[in-house]
Amino acid sequence: MNFFMLNQSGRHILRIIMDQASRMPGWQRLAVGWLAGWLVLAPVVSWSQQQAVEASTSDKAPFEFRKIECEHLVNCIQVHAQVFSGGLPQGEAAFAELAKLGVKTVISVDGATPDVEAATKHRLSYVHLPHGYDGISDSRVMELAKAVRTLQGPVYIHCHHGRHRSPAAAAAACVSAGLVTPSAALDILKLAGTDPNYRGLYQAVRRAVPVDLNELDALPVQFQPVSPIPPMAEAMVDIEELFGRLKRFSQGGWQRLDNHPDLDPVHEALLLYEHYVELLRTPQVSELSDDFQQSIRESVQATGQLKEVLELELPKPTPDTLKTLDRLVLQIGQQCKSCHQQFRDVPLGEK
């Protein structure tokens, strides 16, 4: 029902009531008239207020969503005037670039330990609110919403690559805090290039709704620069970083990296192998399914082979050796992807 129709109907009802009230004594006539006017006009006021709210938020999202070209920050996007999302800031130059953007608070949703020391040098505060690829719990969304609403901004929310977890966290938090409309939230994920296969992240964004701001302000949260991480999650973070370095070695023909001359591919492969071996020994893994344990065993075998070939053939690998090394790296990557799809990335609600 639009305003005009409601107004016409209201006037008709009001005339009938006031006609009857005209036959009543004076004080009763005034009381009935006041009550009738309130009953008729209250829906109009409520409707007008709702229209005002919708009008005030409808123009927030479209022009705010934009990619930011950065030299030292990957996949940086601006979600709101006070909220950025992107990849892990690595090194002094990245934190200097954040400061140049005007960022005051850095929020990590990654499992890795934040570099609080580097952030402090550039007068940036760090908050650690990690979550997985399988989604964002309702309680974590509330904490993120309170963070973007109450912490000194602008804020920069990051995961490792800035494509999946951080844009999902930024979208859900901004919707809950009333900074972005629910209908526009998925645009953030599209802009960031979030993989639709991370169904839990998409579900978290779709479920996000504006929260009563009084409830949000009253939420008791102690924001910490570093949060404790479960041992298995911590091991997976280390594995991801080690494998990322081995991929860079593979892309560079297994020569020393120009930006990390201190890194040795044989040592990196050994560390990756030991991480998988130790993972199999943990009580947490021993309680998981046989399929999961078999996946880890296959990774142990592949990383062991990679380590042995590197030990024998470096520093001058033959063309055939290079093909073998690249094949093993590809195999390890495929095993990781398969394991993630089967176990890590299953939405929270389906576990």
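Helices (H or I, at least four residues) and strands (E, at least two) are DSSP runs, numbered from the N terminus. The views show a predicted model, in which local features need pLDDT of at least 70 and side-chain atom pairs count only at pLDDT 80 or more, whereas totals for chains, interfaces and linings use all residues. Residues are numbered from 1 along each chain as its sequence is written, and side-chain values use heavy atoms, with hydrogens and water left out.

**View A. Loop residue Arg 123 with a positive phi.** Arg 123 belongs to the loop between helix H5 (116-121) and S5. Although Arg 123 is not a glycine, its phi is positive, at about 60°. Its relative accessibility of 77% makes Arg 123 exposed (buried means under 20% relative accessible area, exposed over 50%, partly exposed in between, with a 1.4 Å probe and protein chains only).

View B. Six strands form an open sheet in the order S1-S2-S3-S6-S4-S5, and their pairing is mixed (two strands pair if DSSP finds at least two bridges between them). Strand S1 (66-67) and strand S5 (125-128) are the edge strands, each pairing on one side only. S1 is joined to strand S2 (residues 77-80) in the antiparallel sense over 2 bridges. Within S2, Ile 77 is the bridge partner of Lys 67.

**View C. Asn 75 in the loop between S1 and S2.** The loop that links S1 and S2 contains Asn 75. This residue is not a glycine, yet Asn 75 has a positive phi of about 55°. Asn 75 is partly exposed, its relative accessible area being 37%.

View D. Gly 153 and Pro 154 are joined by a cis peptide bond with omega of about 0°. Pro 154 lies in the loop between helix H6 (138-150) and strand S6 (155-158). A cis peptide bond also joins Leu 314 and Pro 315, with omega of about 15°. Pro 315 is placed in the loop between H14 and helix H15 (319-344).

**View E. Packing of H12 against H14.** Two packed helices are described by the angle between their axes and the distance between the axes. For helix H12 (residues 265-281) and helix H14 (residues 290-313), the angle is about 155° and the axes are 9 Å apart (axes are lines fitted to C-alpha atoms, for helices over the stretch in contact, and angles run from 0 to 180 degrees between N-to-C directions). H12 and H14 are therefore roughly antiparallel (angles under 35 degrees count as roughly parallel, over 145 as roughly antiparallel, 65 to 115 as roughly perpendicular and the rest as oblique). Residues in the contact include Leu 272 and Tyr 276 of H12 and Ile 296 and Val 300 of H14 (contact means heavy atoms within 4.5 Å).

**View F. Packing of H11 against H12.** The axes of H11 and H12 come within 10 Å and cross at roughly 150°. H11 is therefore roughly antiparallel to H12. Among the residues that make the contact are Leu 242 and Phe 249 of H11 and Glu 268 and His 275 of H12.

**View G. Ser 250 in helix H11.** Ser 250 is part of helix H11 (residues 231-251). With a relative accessibility of 15%, Ser 250 is buried. Apart from neighbours within four places in sequence, Ser 250 is in contact with Asp 326 and Val 329.
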